[in-house]
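Try each task before reading its solution.

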Amino acid sequence: MVVGFVAILTIFCNLYILLMNLGSYHKNHHFQPSEIIITVLSVTNIVYQILTYLWMTMDLLSVTCLIDCLFNTLIMLLINSLRCTLVWTTAFLSFFYSTKLVIEPIHCYTKIQEGILKHAPTVLLVIVFFSFASCFPAILVLSRNNQTGSYDCSTMISNETPGLIYVGFYTAISDIIPGLIMMKSSISITVHLAIHLHHMKANTNGFRGPKLGSEMRVIRMIMALVVVYLFFLIADLVVLYRSTINRDNLSYTTGLVSSIYTSTSSFILIYGKKAHWKELIHIYNQFVGEYHCIRCMRCPEKKVSPPH
């Protein structure tokens, strides 16, 4: 029930992001690179959430593995592929904003960064292809866990050497490396933000605080995404260790952790775009205003004063 509620919240948030991005496309007749990345991230979130809930439902209904093993295996491979796509796309988004916000002309890889950012759709296609390709070798090391006397259709990896090697490989490419990219991006943004704020305060002689506007909102969004991912990474590694080494059935815990991560990251993505956030608050206030008993739950809306 908890996962179902979180899944509905995730799908709502990502559908909202998609509709807002499509509205922006119809207005400007083109997508910004950040909008392309966020759109792909939203679509991946929706499909990943639906498949995760389907997988948990199948595992609950098919206690004795009545569903075909091949079908179950394909569903799990798709989930792992989408999960890898989701994490790498989030890492690419943090890399994108860190490169946009932080100007580092001295570094030798600046040209490579510019080339990557100019071909964002191509990079996203490579991420999707790489994610699916990296999960297909799992077919060779899949096994049913019938060793404990109970059927466990949700356990994929065997406790033999090939299975453990693949677990290490998959953990590195889907958890560790994207996490390092996010950490590098967040540290780079934090350091250069501190330097930038120091220079701005020095230029104003300390009489007034510096204002960054939309840039500060984007920085908070990236920092929040990194913090949420670190919590998700810790929980995922604990679940992976217990399911691989101790052979515990933690499929429901995995689904719950993944659902909370996707819903939280989707909400943060909405906050990162000021227009999206203001429209969401306006829709929420309209909905709450229809009912007298919950009107006290309305959120304050910032109104822009007309220029004098």
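**Exercise 1. Find the spans that the UniProt record annotates as "transmembrane region", then check the secondary structure of residues 6-24 and 252-272.**

Solution. Keep in mind that this is a predicted model. Start with the record: the unreviewed UniProt entry puts "transmembrane region" on residues 6-24, 36-55, 123-142, 218-240 and 252-272. Next, take residues 6-24: the span is 100% helix and 0% strand, with 27 Å between its end C-alpha atoms. Then do residues 252-272, which also come out as 100% helix and 0% strand. Here the end C-alpha atoms sit 30 Å apart.

**Exercise 2. Work out which helices line the second largest pocket.**

Solution. First get the volume, about 320 Å³. Now list the lining: L9, F12, C13, S263, F267, W277, L280, I281, I283, Y284, F287 and C299. Finally, pick the top contributor: α9 gives the most, with 6 residues.

**Exercise 3. Locate the nonpolar surface patch that includes I177, and decide whether I177 is buried, partly exposed or exposed.**

Solution. The patch is made by I176, I177, L180 and L237, and covers about 330 Å². Helix α6 (residues 161-203) brings the largest share, 3 residues, and I177 is found in that helix. For the last step, use the cut-offs: buried is under 20% relative accessible area and exposed is over 50%. I177 has 38% relative accessibility, so it counts as partly exposed.

Technical notes
Residues numbered from 1 in each chain as written. Predicted model: local features only at pLDDT ≥ 70, side-chain atom pairs only at ≥ 80, totals over all residues. Heavy atoms only, no water. Patch = residues over 30% accessible without salt bridge, like charges linked within 9 Å, V, L, I, M, F, W, Y side chains within 5 Å. Areas by Shrake-Rupley, 256 points an atom, 1.4 Å probe, with all protein chains shown as cover. Salt bridge = Lys/Arg side-chain N within 4 Å of Asp/Glu carboxyl O. Helix = DSSP H or I, 4+ residues; strand = E, 2+ residues; numbered from the N terminus. Buried < 20%, exposed > 50% of the residue type's maximum accessible area, 1.4 Å probe, protein only. UniProt positions renumbered as here; feature names shortened; annotations may be inferred. 1 Å grid on protein atoms, 1.4 Å probe; cavity = no way out; pocket = protein on both sides within 12 Å on 5 of 7 lines; lining within 4 Å. Points joined across faces, edges and corners; volume = space filled by probe spheres on them.
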